[in-house]
Amino acid sequence: MKYCRVVIGKDESEVAISFCEYFAEIVNSRIERIGFSAVAISGGRTPDEIFRKLSVEYRSQVNWPGVLVFWVDERCVPPDVAESNYGRAKSLLLDNVEIPPDNIFRIRGESDPVKESVDYAELLRANLTVKNDLPCFDLVMLGVGEDGHTASIFPGQESLFETDEPVAVTKDPRGQNRITVTGKVINNARNIAVVAVGKNKLHVITDVFSSEKGKLKYPIELVSPVHGELTWFVTSDAFPSEDQLASR
Ligand code: 6PG
């Protein structure tokens, strides 16, 4: 793993607090400078505790009207289905903070995937600042799967870190269609955060932090900011000790 900062919390709550402090600092300073801040959030269960804390403890500490919310990826399901990343973020966060509806840019999981991937790429170009000729997020928040996937880029789909298409259609291992922002846009962000909680992520994170250069195994290892900063937010049971790393 290229140079990155690792923030370790004793439990999920502590990790969520660290992330919320980091999130507030990034978006508030960006809003102060240019009037808005564009963030891309991931799905899955890891963000739940973060969303809860952003909705309560940090509700008054973030300049929500200046935040533009996008998604890193979406399952190709309607927004009212439990699996919807948008639906989950809406109920745990967006309905509880003062983000104007016009600042919420969901991926339409109910639409035709190919058409939506084209439309979402256009939406990114129309609403984000550009750097290196690519849409540039102030913050991309990622998770990591036990198989080392991130966003909806699964093992075997690493070429999505090379494509010039900002958004792509993929399939998860179960065959479910996904729409995902691709690797070059992820790596073009000013700030990238990977959040991982729980001992079920220890094995993949140990591999990531002990892999030899050039022998990458997982899509998550291709997350490498071109000009920004990468920070991992992990619980202590998800991150290897010095001895565990040394014994690899
Ligand atoms: C998704 C996410 C995905 C997620 C990982 C981790 O749509 O599922 O974007 O990349 O971050 O699968 O999921 P958990 O947080 O549930 O472990």
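The model is predicted. The chain has seven helices and twelve strands. Its radius of gyration is 17 Å, close to the 18 Å that the globule rule gives for 248 residues, so the chain is as compact as a globular protein of that length. Along the principal axes, the C-alpha atoms fill a box of roughly 50 × 40 × 35 Å.

- An open sheet is built from seven strands with parallel pairing, in the order 1-12-11-8-2-3-5.
- Strand 1 (5-9) and strand 5 (104-105) are at the edges; each has a single partner strand, so one side of each is left without a neighbour in the sheet.
- Two bridges join strand 5 to strand 3 (residues 67-71), in the parallel sense.
- Phe70 has Phe105, in strand 5, as its bridge partner.

**Helices against the sheet**

- Helix 4 (residues 113-127) packs on the sheet where it touches strand 3 and strand 5. The direction of helix 4 makes about 160 degrees with that of strand 3.
- Helix 6 (residues 202-210) lies across strand 1, strand 11 (191-196) and strand 12 (229-235). Relative to strand 12, helix 6 runs at about 145 degrees.

**Largest pocket**

- The largest pocket holds about 360 Å³ of space.
- The pocket is lined by 19 residues, of which Gly43, Gly44, Arg45, Arg75 and His149 are the closest to its centre.
- Two nonpolar, ten polar and seven charged residues make up this lining.

**Largest cavity**

- The structure has two cavities of 30 Å³ or more, and the largest cavity contains about 60 Å³ of space.
- Phe23, Ile41, Phe51, Leu54 and Leu93 are the closest to the centre of the largest cavity, among 13 lining residues.
- The lining has 13 nonpolar residues, with no polar and no charged ones.
- Helix 1 (12-34), strand 2 (37-41), helix 2 (47-55) and strand 3 each supply at least two residues of that lining. Helix 2 gives the most, with three residues.

**Second largest cavity**

- About 30 Å³ of space lies in the second largest cavity.
- Its lining consists of Ser42, Gly43, Gly44, Pro47, Phe51, Asn85, Arg88 and Ala89.
- By class, three of these residues are nonpolar, four are polar and one is charged.
- Helix 2 and helix 3 (85-92) each contribute at least two residues to the lining of the second largest cavity, and helix 3 gives the most, with three.

Methods
Residues are numbered from 1 along each chain as its sequence is written. This is a predicted model: local features need pLDDT of at least 70, side-chain atom pairs count only at pLDDT 80 or more; totals for chains, interfaces and linings use all residues. Side-chain values use heavy atoms; hydrogens and water are left out. Two strands pair if DSSP finds at least two bridges between them. Helices (H or I, at least four residues) and strands (E, at least two) are DSSP runs, numbered from the N terminus. Contact means heavy atoms within 4.5 Å. Axes are lines fitted to C-alpha atoms, for helices over the stretch in contact, and angles run from 0 to 180 degrees between N-to-C directions. On a 1 Å grid over the protein atoms alone, a cavity is a set of points where a 1.4 Å probe fits but cannot get out, and a pocket is an open set with protein on both sides within 12 Å along at least five of seven lines; lining residues have an atom within 4 Å of a point. Grid points are joined across faces, edges and corners, and a volume is the space filled by probe spheres set on the points. Ala, Val, Leu, Ile, Met, Phe, Trp, Tyr, Cys and Pro count as nonpolar, Asp, Glu, Lys and Arg as charged, and the others, Gly among them, as polar. The radius of gyration is taken over C-alpha atoms; the globule rule is 2.2 Å times the number of residues to the power 0.38.
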